Each structure stands twice: as structure tokens, then as C-alpha cells.
Amino acid sequence: PERAGRRRAAPAGTGGATAAAAARAAAAKPHPPRTDPQETHGKKQSRPANTAGRPVSFLWIFLDRGNEGQYHKKLGIALSPKNLTKKGFSILHAFHMLKNRFFCPSAGTEQEDIMKQAVIDIGSNSMRLTVYETTETGGFTILFKDKVMAGLAGYVEDGALSLDGIARAVLGLMSFRNTLEALNITQVSVFATASLRNITNTTQAVSTIQRATGFSIEVISGEEEARYGYAGAMEELDLSDGLFVDIGGASTEVVRFADRQLITANSCPVGSLKLYRDWVKKILPNREGIQNMEHAIQQAMEGVIHQSVPQGLPLVCVGGTSRAALKLAKRVCHLPESANRISIQQLQQVCAALCASQKAAADLILKVEPERIHTMIPGLLILRHIVEGFGAGEMIVSQYGVREGYLCQKIRKAS
């Protein structure tokens, strides 16, 4: 208060009363709390000691100003600039919460490595990283997710993945490697689907990517992808009979199951990004482009879509296209946020809304799923063809899929 009084010295002729009043006012006004250099948003001067012997620098990136909500949501912690103030959270407190979630006090025992596992899926449209906490009995909990929209199917030239495409895959994997090293996750499994399976230079591309990143990559077959996707979805859903579909960037997997047993598993060489690249001249397709895509879908899925299954079966859907379709249905049909089912009529409403005009479609997709503005309509055309071809009763969107099926297969095989 005395220093404040001196800073607010009264002008000549006003006497000491004004200075004293200013001092009293300054004393009455609470001073802002002192900010530790470690707790500044995005402008870190220093970082805390790494008492557990684990790298922590990546956490400060997650807490950068302007990105709090996005990254905290990814990490499963409800922090934002607003509730950082309202709930008394500090950046240091957030750091401790994250550290306790991902790190154990012990110095990396073998048991700890087994209990924390990561799976990387190199897809044709997106590359995805998921970190799990696993149990010896085969159970799992998702701790962390990240993705890179690499669009590898767009780098295929004359049937081969180009050097630029290989470099794009390496860049995505190195980003994931940095995250995993920061989290001290050493048990990592990497697999590729149609992105590296449906190209003519699979061996060369895989070898180059492995040398550049240090990851061992397993290229799974189309049937394996279908089986893993179905197994992953069944970890969440309890269905005895139905159909399963996973629409990817360059392939679509279709499964028929009955009495909780897989009957058929097929992989079709058609996907949302492949259709876009082959038949769409601009961002959104015109009428001619839609007709060409519908014809291409019918040809690619000939022999897979048939009427020999009972009508009205539920269609279990996984993958980015299905999740985006659910988001669109929630907006167009005013479904509750908790909904994970779409009726066939609601799917038709979504398709009609997107095919009405390019302007209406662009506005809707940009509001709901902007990163899929170019692949949303091609993906929905595949989905609609499957629904109509099988006469499915409703769509059920599962949050689990091929990565969870792959993880469970590895855990149970190891045990």
C-alpha cells in the first residue's frame, strides 16, 4: 500500500489527503495472484523438475493458450479457460492430473509396459493412434486418442504409393512417436489396412516407412480387417444376429454374423476417398459425379450385397464415415446427443439434405464435420447402397472398431 501510495502521488496543491486515499484504495483492492513462470499459458519460462524421471515437455504444448478445450477434451479432462478460473484449477494442477493419469511413480517396470499399450492404424484417409490401459483378462480402457488426416489414398499414382505419400505416412508416424515417447509408452503395435495393402509397391513402401520411423508395420488382409472390426464392435454391443460394415478411405469391409458367430467377411475395393479422387472434379460432386460413384459402388460390391439374408437386420457401423453420418443425423433429424442409432428413414433424410444442392451440402458438412467435406457424400453413397441392398432395419454406430479388435486379439493371444 505504501508503494502504491507513492506511485499515485497527489498533484501539487492537492495535499496528502488524496495520496492517503489512493493508498487506502490500493490496499482495499485485492492484488492479482502471483503467477509462477511455470504456470503461464503458452509462454513457459521454465518447467518443473521431472521427479518421476519421465519426459513431460509435451504437456506444456497441450496447455497452450487457445487450445485448452481441444486438447483437454482429447485427454479426457474437462478443463477450459473458463473453468480454470471458476473451479480453481491451475496449469500446475492440470499437469499433475495428467501425470498421474499416464505415469506411475515406479521407473517403468515390465508390468507397467504391459498394462499400457498403444495401437496405430495407418488408414487410407486417416492415421489414428489410441492408447489403452489393458488388463490380463482382455479388458481395456481408452486413455488417449489422436489422428492425422493423411489422405494416403490421394497419393496413389498408377497403383503405387508415391514418394510424397510415403513421406506423409512417415511424418504422421513420427508425430505419434513423439507423443508416445512423452507418455513413456513402449508397447506399440502398428498395422496398415488398404492404404498399404491395395498398392503395387507394398513391400518397398513398408520397408521405407519402417526404416524412417523405427516402427514395425503389419499389413493386414481385407478379411482380417473385417474380422478385427467386427470383433471390436462386439466389445461394445451385445447383438446375436446382424450385419457389420466399416467404410474406409480405399476399402469397405462387410460382415454377416449370426448366433454371435461370424458367417462371412468380405473386403471391397471401394472407399470414400478413392471415390472422391476417381469421380469428383471439385470439392463436392455434381449430379453426373454422383451417378458415376453409384455405378462404381455397385460394381465394386457385386457379389457381396445380396438379398439372401433376412430383411430388417441391424447394421453395425464403425469408422469415420459412419460416425460423421450419425452427427449429421443428429443435426438434420434433431436426435439427442446420446443417440447411437439411425433409422433408414433418417438416413434417407440426411442423404436428401446433402444431395439437394451443393451449397446446402457444403453449409451442412462445414457445420458438422468440416474435415470430411470432400469424402462425406461418397461415403454416404456407399452406406446407402449397403443399407438398401441388404434391406437393413437400422444403423447402430459403434465407437469401437478395427483397433479395438486388433488389440483384444493381441492381448488374448499373449495370455
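1. The charged end of R177 is placed over the ring of F215, at 4.3 Å from the ring centre. This is a feature of a predicted model, as are the points that follow.

2. The chain has a mean pLDDT of 80, with 72% of its residues at 70 or more. Residues 3-20 have pLDDT below 50, and the model gives this stretch nine contacts beyond near neighbours in sequence. Residues 104-113 also stay under 50; here the model has eleven contacts beyond four places in sequence. Where pLDDT is low, predicted coordinates should not be read in detail.

3. There are five aromatic pairs in the structure. One of them joins Y132 and F140 edge-to-face, with 5.6 Å between the centres and 90° between the planes. Y132 has 0% relative accessibility and so counts as buried. F140, at 14%, is also classed as buried, because the cut-off is under 20%.

4. F140 has a further partner, Y400, in a tilted pair with 5.1 Å centre to centre and 55° between the planes. The pair connects distant parts of the chain, its residues being 260 apart. F140 belongs to strand β3 (residues 140-148), while Y400 lies in the loop between β13 (394-397) and α18 (402-414). Y400 has 22% relative accessibility and is therefore counted as partly exposed. Together, Y132, F140 and Y400 make one aromatic cluster.

5. Which residues touch the most other members of the largest nonpolar core? They are M301, L315, L354, L380, L383, I386 and M395, in a core of 57 residues. Helix α17 (residues 376-390) supplies the largest share, nine residues. In soluble globular proteins, nonpolar side chains tend to be buried together.

6. Another core, of 29 residues, lies apart from the largest one. Its members include F176, L183, A205 and V206. F176 and L183 are also among the buried residues of helix α8.

7. Helix α8 covers residues 163-183, 21 residues in total. From first C-alpha to last, α8 reaches 30 Å, close to the 30 Å expected at 1.5 Å a residue. The buried positions in α8 are G165, I166, A169, V170, G172, L173, F176, T179, L180, A182 and L183. An α-helix has 3.6 residues a turn, so residues three or four places apart point the same way. Just after α8, N184 adopts a positive phi of about 60°.

8. D158 has a positive phi of about 55° and is found in the loop between β4 (156-157) and β5 (160-161). With a relative accessible area of 83%, D158 is exposed. H334 likewise has a positive phi of about 55° without being a glycine. Its place is the loop between α14 (320-332) and β12 (341-343). Is H334 buried or exposed? H334 has a relative accessible area of 69% and is therefore exposed, since the cut-off for exposed is over 50%.

Technical notes
Residues are numbered from 1 along each chain as its sequence is written. Side-chain values use heavy atoms; hydrogens and water are left out. Rings of Phe, Tyr and Trp (its six-membered ring) pair if their centres lie within 6.5 Å; planes under 30 degrees apart count as stacked, over 60 as edge-to-face and the rest as tilted. Buried means under 20% relative accessible area, exposed over 50%, partly exposed in between (1.4 Å probe, protein chains only). Helices (H or I, at least four residues) and strands (E, at least two) are DSSP runs, numbered from the N terminus. A charge sits over a ring if NZ of Lys or CZ of Arg is within 6 Å of the ring centre and within 35 degrees of the ring normal. pLDDT is the predictor's confidence in each residue, from 0 to 100. Contact means heavy atoms within 4.5 Å. A nonpolar core is a set of buried Ala, Val, Leu, Ile, Met, Phe, Trp, Tyr and Cys residues joined through side-chain atoms within 4.5 Å. The expected span of a helix is 1.5 Å times one less than its number of residues.
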